[in-house]
Amino acid sequence: MLLIDKYAYTNKLTNSNPFIKFVIVVIALAIVTITKSNYINLLIMAIMIGLTTIVAGIPIDRYFKMLLIPSTFLLLSIVTILFSISKVDSYIWSISLFDNYIGITYGSIEQAVLLITRVFAAISSTFFLGLTTPINKLISVFKRMHIPIIMIELIVLIYRFIFVFLEEAYEIHNGQELKFGYSNLKNSLKSMGLLVRCLFVRVLLSYK
């Protein structure tokens with residue numbers, strides 16, 4: 001059992017009403033999607049983190065370690081929004097490159113900050129649901145909402161696929177570490193390439 005699944009079955013809110021938790025998260029996500037206020041996003045984020053770590057009892061150090069994974073993808077998105085290219089230097093900070101300017105504007109900073117607060121508020125909301133509600137109770141919520149059975153089956157299959165993927169990645173990575181595959185940058189890049197290739201094959205075979 002992976003850590004996320006373990007917390008879902010052992011936290012203090014496991015036996016609480018899953019439908020209420022689901023509604024809370026849906027409302028939070030709706031507010032995050034509609035609003036353009038960083039303060040509201042930060043408030044929702046703080047509430048969700050508090051519910052997950054203080055009320056549900058999820059260890060806060062483990063919680064923030066799990067946040068690092070989506071943070072990596074968020075960083076890549078922020079770079080594309082923060083920087084823009086133009087032939088006219090109208091930026092608050094820029095560098096010249098081949099008769100063009102790459103820089104940052106006040107508008108791009110505002111968009112990047114809004115993206116950060118919005119994404120973290122949404123992630124903390126989904127983490128609250130995922131870390132406090134077992135999949136079998138989520139299925140009962142979906143049935144109560146009269147979601148088609150075929151959709152529920154697809155959700156379960158996708159959920160299972162994620163765990164198969166993570167388990168395989170964990171096993172391969174551990175094997176590589178035992179063989180000093182990440183002892184330096186060159187070995188790390190080589191090991192990562194092998195991990196991706198092996199993972200693709202092994203996941204397809206396991207998922208059958």
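**Entry 1: terms and model**

A helix here is a DSSP run of H or I with at least four residues, and helices are numbered from the N terminus. I am working from a predicted model.

**Entry 2: Thr 117**

I looked up Thr 117 first. Which helix holds Thr 117? I found Thr 117 in helix α5. Is Thr 117 buried or exposed? The relative accessible area of Thr 117 is 8%, so I put Thr 117 down as buried; the cut-off for that is under 20%. Next I listed its contacts, leaving out residues up to four places away in sequence. Thr 117 touches Asn 38, Asn 41 and Leu 42.

**Entry 3: α1 against α5**

I stayed with α5, which covers residues 106-132, and turned to α1, residues 3-10. At what angle do the axes of α1 and α5 cross? They cross at roughly 70 degrees and come within 6 Å. Angles of 65 to 115 degrees count as roughly perpendicular, so I noted α1 as roughly perpendicular to α5. Then I looked for the residues that meet. From α1 I have Ile 4, Tyr 7 and Ala 8. From α5 I have Gly 130, Leu 131 and Thr 132. I sorted the residues of this contact by type: 4 are nonpolar, 2 are polar and none is charged.

**Entry 4: the bend in α4**

I followed helix α4 from residue 60 to residue 82. Where is its kink centred? I traced the kink to Pro 70, and the angle is about 35 degrees. I then wrote down the buried residues of α4: Tyr 63, Met 66, Leu 67, Leu 74, Ile 78 and Leu 82. A reminder to myself on spacing: an α-helix has 3.6 residues a turn, so residues three or four places apart point the same way.

**Entry 5: aromatic pairs**

How many aromatic pairs does the structure hold? I have 3 on my list. I took Phe 22 and Phe 142 to begin with. Their ring planes stand at 85 degrees, with the centres 6.0 Å apart, so this pair is edge-to-face. Phe 22 belongs to helix α2 (residues 18-34) and Phe 142 to helix α6 (residues 135-144). The two are 120 residues apart, and their pair links distant parts of the chain. Both Phe 22 and Phe 142 are buried. My next pair was Tyr 63 with Phe 64, also recorded as edge-to-face. Here I have 5.6 Å centre to centre and 90 degrees between the planes. The exposure of these two residues was worth checking. Tyr 63 has 0% relative accessibility and counts as buried. Phe 64 is partly exposed, with a relative accessible area of 38%.

**Entry 6: the ring cluster and Phe 127**

Which residues do ring pairs link into a cluster? I wrote down Tyr 63, Phe 64 and Phe 127. Phe 127 took me back to α5, where this residue is found. Setting aside neighbours within four places in sequence, I found Phe 127 in contact with Tyr 63, Met 66 and Leu 67.

**Entry 7: Thr 53**

Tyr 63 turned up again when I looked at Thr 53. Thr 53 lies in helix α3, residues 38-55. I list Thr 53 as buried, at a relative accessible area of 11%. Its contacts, apart from neighbours within four places in sequence, are Ile 58, Ile 60 and Tyr 63. From Thr 53 to Leu 154 I have 30 Å, C-alpha to C-alpha; the two are 101 residues apart in sequence.

I went on to α6, where Ser 140 is found. Ser 140 counts as partly exposed at 38% relative accessibility. The C-alpha atoms of Ser 140 and Ile 152 are separated by 9.8 Å, with the residues 12 apart along the chain. Past α6 I stopped at His 146, in the loop between α6 and α7 (149-178). What is the phi of His 146 near? I noted 60 degrees, a positive value in a residue other than glycine. Most residues other than glycine have a negative phi. His 146 is exposed, with a relative accessible area of 71%.

**Entry 8: Asp 99**

My last stop was the loop between β2 (93-97) and β3 (100-104), which holds Asp 99. Asp 99 is exposed, at a relative accessible area of 68%. How far apart in space are Asp 99 and Lys 6? I have 55 Å, C-alpha to C-alpha, for residues 93 apart in sequence.

Key
Residues are numbered from 1 along each chain as its sequence is written. This is a predicted model: local features need pLDDT of at least 70, side-chain atom pairs count only at pLDDT 80 or more; totals for chains, interfaces and linings use all residues. Side-chain values use heavy atoms; hydrogens and water are left out. Axes are lines fitted to C-alpha atoms, for helices over the stretch in contact, and angles run from 0 to 180 degrees between N-to-C directions. Angles under 35 degrees count as roughly parallel, over 145 as roughly antiparallel, 65 to 115 as roughly perpendicular and the rest as oblique. Contact means heavy atoms within 4.5 Å. Ala, Val, Leu, Ile, Met, Phe, Trp, Tyr, Cys and Pro count as nonpolar, Asp, Glu, Lys and Arg as charged, and the others, Gly among them, as polar. The bend at a residue is the angle between axes fitted to the seven residues ending there and the seven starting there. Buried means under 20% relative accessible area, exposed over 50%, partly exposed in between (1.4 Å probe, protein chains only). Rings of Phe, Tyr and Trp (its six-membered ring) pair if their centres lie within 6.5 Å; planes under 30 degrees apart count as stacked, over 60 as edge-to-face and the rest as tilted.
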